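Take a walk through this protein model. We begin at a pocket and then move to some side chains.

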Amino acid sequence: MGGLDWDLVYELVAPLGAFYTAVFIFYILFYNFAVKADARVLGEIKRLGLLVDTDRSGTIKKDEFVFAARNPEFVSCFAAIGIDVADGDTFFKKVARSDYECEIDLDDFASRIMQAKVMASSLDLQSLGFQLQHGLQQLQGCHRKQSVATHRLDGHVTGLHGSFMTPTSAFELGVAVGFKD
């Protein structure tokens with residue numbers, strides 16, 4: 001947290017109650033997990049970048065990356081950290097700052113991939129949110145249709161109920177007509 005000691009913050013949060021203390025502890029755990037996971041992924045991307053840099057120039061050239069992306073093991077390594085590089089040419093274009101950039105510094109390459117990964121995760125979450133919203137709207141539409149159908153059915157049943165004779169009303173009708181005493 002920007003050099004601030006967690007203990008000091010905890011002492012400020014603890015008097016607010018168990019809920020806020022639990023939220024703070026969850027934040028610390030999540031933050032530490034995310035930072036460690038990001039550092040691990042960044043290290044793995046740099047390691048893979050060193051394998052791609054066949055001329056040991058400290059940069060990754062488009063042709064080097066496209067060639068490496070033809071190797072299923074290389075693609076699998078990136079897939080293991082949640083990055084799809086199956087189409088090396090397209091992937092390199094996404095990471096490059098322009099269509100004309102054909103060479104990227106190894107550290108820049110790794111950080112750009114991390115940025116792309118974060119943006120992709122964000123887009124995945126947004127897409128999921130839109131899908132959930134769309135599903136909710138469809139479910140609400142089905143609920144409205146079901147409510148209308150149920151209301152109509154209730155009206156028909158009520159109308160039919162009035163047209164059928166109950167045993168009591170049939171007996172009374174029989175008495176009135178003279179069939180029964």
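The residues lining the second largest pocket divide into seven nonpolar, two polar and two charged. Here Ala, Val, Leu, Ile, Met, Phe, Trp, Tyr, Cys and Pro count as nonpolar, Asp, Glu, Lys and Arg as charged, and the others, Gly among them, as polar. Among the lining residues are Leu48, Glu64, Asn71 and Cys77. Helix H2 (18-52), helix H3 (62-68) and helix H4 (72-80) each give two or more residues to this lining. Helices are DSSP runs (H or I, at least four residues), numbered from the N terminus.

The model is predicted: local features need pLDDT of at least 70, side-chain atom pairs count only at pLDDT 80 or more, and totals for chains, interfaces and linings use all residues. Residues are numbered from 1 along each chain as its sequence is written, and side-chain values use heavy atoms, without hydrogens and water.

Now find isoleucine 113 in helix H6 (residues 106-163). Is isoleucine 113 buried or exposed? Its relative accessibility is 1%, so isoleucine 113 counts as buried (under 20% relative accessible area, with a 1.4 Å probe and protein chains only). Leaving aside neighbours within four places in sequence, isoleucine 113 is in contact with Ile45, Phe78, Ile83, Phe91 and Val95 (heavy atoms within 4.5 Å). Isoleucine 45 lies 68 residues away along the chain, yet the two C-alpha atoms are 7.9 Å apart.

Phe91 leads on to the rings. The whole structure has five aromatic pairs (rings of Phe, Tyr and Trp, its six-membered ring, with centres within 6.5 Å). Phenylalanine 65 and phenylalanine 91 have ring centres 5.5 Å apart and planes at 20°, so they are stacked (planes under 30 degrees apart). Phenylalanine 65 sits in helix H3 and phenylalanine 91 in helix H5 (residues 88-95), 26 residues apart. Both are buried. Ring pairs link Phe65, Phe74, Phe91, Phe92 and Phe109 into a cluster.

Notes
On a 1 Å grid over the protein atoms alone, a cavity is a set of points where a 1.4 Å probe fits but cannot get out, and a pocket is an open set with protein on both sides within 12 Å along at least five of seven lines; lining residues have an atom within 4 Å of a point. Buried means under 20% relative accessible area, exposed over 50%, partly exposed in between (1.4 Å probe, protein chains only). Rings of Phe, Tyr and Trp (its six-membered ring) pair if their centres lie within 6.5 Å; planes under 30 degrees apart count as stacked, over 60 as edge-to-face and the rest as tilted.
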